[in-house]
Amino acid sequence: AASPAAAAPRLWQEPAALGTVSAPGAGAAAGALTSGGEAIAAWGEGSPAALRVAVTPRGGAPATSTLDDRAGRPAVAADAAGGAFVAWRHDDGAGGGPLRIAYRSAGGAFGAAQDLGAAAGDPALAAGAGGLAAVAWARTMPASGALQIVASVRQPGGAWGTPETVAGPFGEVADLHVGLDGAGGVLVAWREPSAIRTATRPPGGGAWTHQTVAQTTRTTRGLDLAAGDAGAVLTWAEARSDQTGAVEVAVRQGAGAFGTPQELPSTALFEDAPRAAVDDAGNAAVVWPEGFVRADGWAGIQGPILGVTGRLGQGFGAVRIVSGAHTGQDPSVVVGPSGEALVAWKDWLGSVFAARTPIGGEPDTPEPVACGPKLDAPVAVGVDDQGTGTLLAQQSGELRLIQDAPASDPVAASCGRRLLPMGSAVAGRPVKLDGLDFVPRVYNPPALRSEWDFDGDGAYDEAVDGYQATHVFPRPGRYLVAMKLDWAWPRAGMEGSEVHRSIVEVASAASGSPPLVDFAPPSRSRRARRTPATLGLRAALRRGVPVRLRTKPRRGTVLELVARRAALHSRPAGAARVATVLLGRRAAPAKVGRVYVRLSRGRAAVRRLKRLRLTVRARVGHRVLWRETVLLLAP
């Protein structure tokens, strides 16, 4: 099945700042997408945590407000009428407080919060058609101090009902979830140390019916519930003796009971857990972080994000690798109106990636969600009727909202460029093209082989082992370069490929020599001394700008240093083939002029050295602006 995203390429836009989360990490924020395309996000901010909520209309800027001055972790759900609910526990400072809920109609503002009774934990929330909604939470029983699960149901057009006892007593309640079926029934699921249980309330009210979905001697963890009109999916992990986990899935069609759990071909590491999503038509997806067990029995090798898709009643298809040659963790998944799953995860470096997967089809090529700053703790919020995907993620404790949009030129866009020339590309000179960002630096990485199309004609010109290729572009201009990366993870059946494209700007030989990055302005006037700084040596190297260092002003031996942000400590492709390590304080930026280098030894002695320490000075006239030591390691 062809992916809609493949037919109409999309790129993630600039993240929009929402606020600061009080407790960074997974679960710190919750979000939902309304039927009108409005993104609702809720989080705790400050200490004690105040409940903040942001409403971002389609194509507009977020508007934030405060719903409570002290709150636990919130839950968010959107109904079919374009409205949204936010539920949370008001924090009384002693681990308790009332359960509160607020509603916002389509295009309106959140109304006053309603107290639903005492709570001892964070809520689970679900909303459906006609204003039907349900919230479940744990509360302490007055006599024994044990916990019980309670739920309140809001009928269409009505008020929230009196909390009803669902199950209990318990010593603790873990992974509590609630969902609605197409008939108006309410489903509550929770995890016990060796069992997965559910309770169902029929439409309109009545007694709760209980089911033990799984009873196991193995420890369970990470229960997740996804429910829609066509049914529901439960997924969790069960610990094996080697510290890995097996991913289990149970399916419920319509308003019936859950079927026998199915163990997927999987290896979840330690506390990694699967996540599930389903739409009202019954399109479902389950994703999890895959791991590997080393030959000596060490179960700690992080692998890619895996997943299965299917339709309720028809089963799941084959396991697919969603993250390609990348490792991944903390996945999140939603299913959009077209039946396409949007998966987001964090890679080994802490960057957030996303991929779309058509139900029953192959995942698209993973794309970075943000250029530049790294993001963390991704939450897949939803996909609207126009195909726009929405994510929440964190950047150093700051909550960000990110959406994608159709890409007129995805190859030239900054977030779509994954192939990087190492240095300047000059006509007639060899340049190395690097796909280093694809490769996880972990134990047992995938075996990689790449094919390269250097002229954009659709035919691959060269095949190499690894992810780098050297090429000589014959003429200056803009070249469309494509790399087809074939990968094979260290287990049978885990092979695949992905294609990445980039525009390479090739300069002419006359003008393509590495630009001289200068620091002292040519003018020695007082005005020049006050010129603001714009670029420093360290910044130039990190940005991949070739830098020419002269031993003396205007004459002497020239050493050419070419470095990349991701490869400062590797051997760069330069005339002297030297590796660079920048020492001392950070270089102060400067504007124009020349770089002065004082050699500590004579030129003949330098040729015999394995290490060469240079002192770099930037000055205006006789005034030294800054001084930095550079250590050159000879080949």
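Reader: Which residue stands opposite R449 in β40?

Author: R449 stands opposite D465. This is a predicted model, in which local features need pLDDT of at least 70, side-chain atom pairs count only at pLDDT 80 or more, and totals for chains, interfaces and linings use all residues. Residues are numbered from 1 along each chain as its sequence is written, and side-chain values use heavy atoms, with hydrogens and water left out.

Reader: Why are β37 and β40 said to stand at the edges?

Author: The open sheet has five strands in the order β37-β43-β42-β39-β40, with mixed pairing. Strands β37 (425–426) and β40 (462–465) each have a single partner strand, so one side of each lacks a neighbour in the sheet.

Reader: What makes a set of residues a nonpolar core?

Author: Its members are buried Ala, Val, Leu, Ile, Met, Phe, Trp, Tyr and Cys residues joined through side-chain atoms within 4.5 Å. Buried means under 20% relative accessible area, exposed over 50%, partly exposed in between (1.4 Å probe, protein chains only). The largest such core has 39 residues, of which V286, W452, F473 and V481 touch the most other members. Strand β42 gives the largest share, five residues.

Notes:
Pairing = 2+ DSSP bridges. Helix = DSSP H or I, 4+ residues; strand = E, 2+ residues; numbered from the N terminus.
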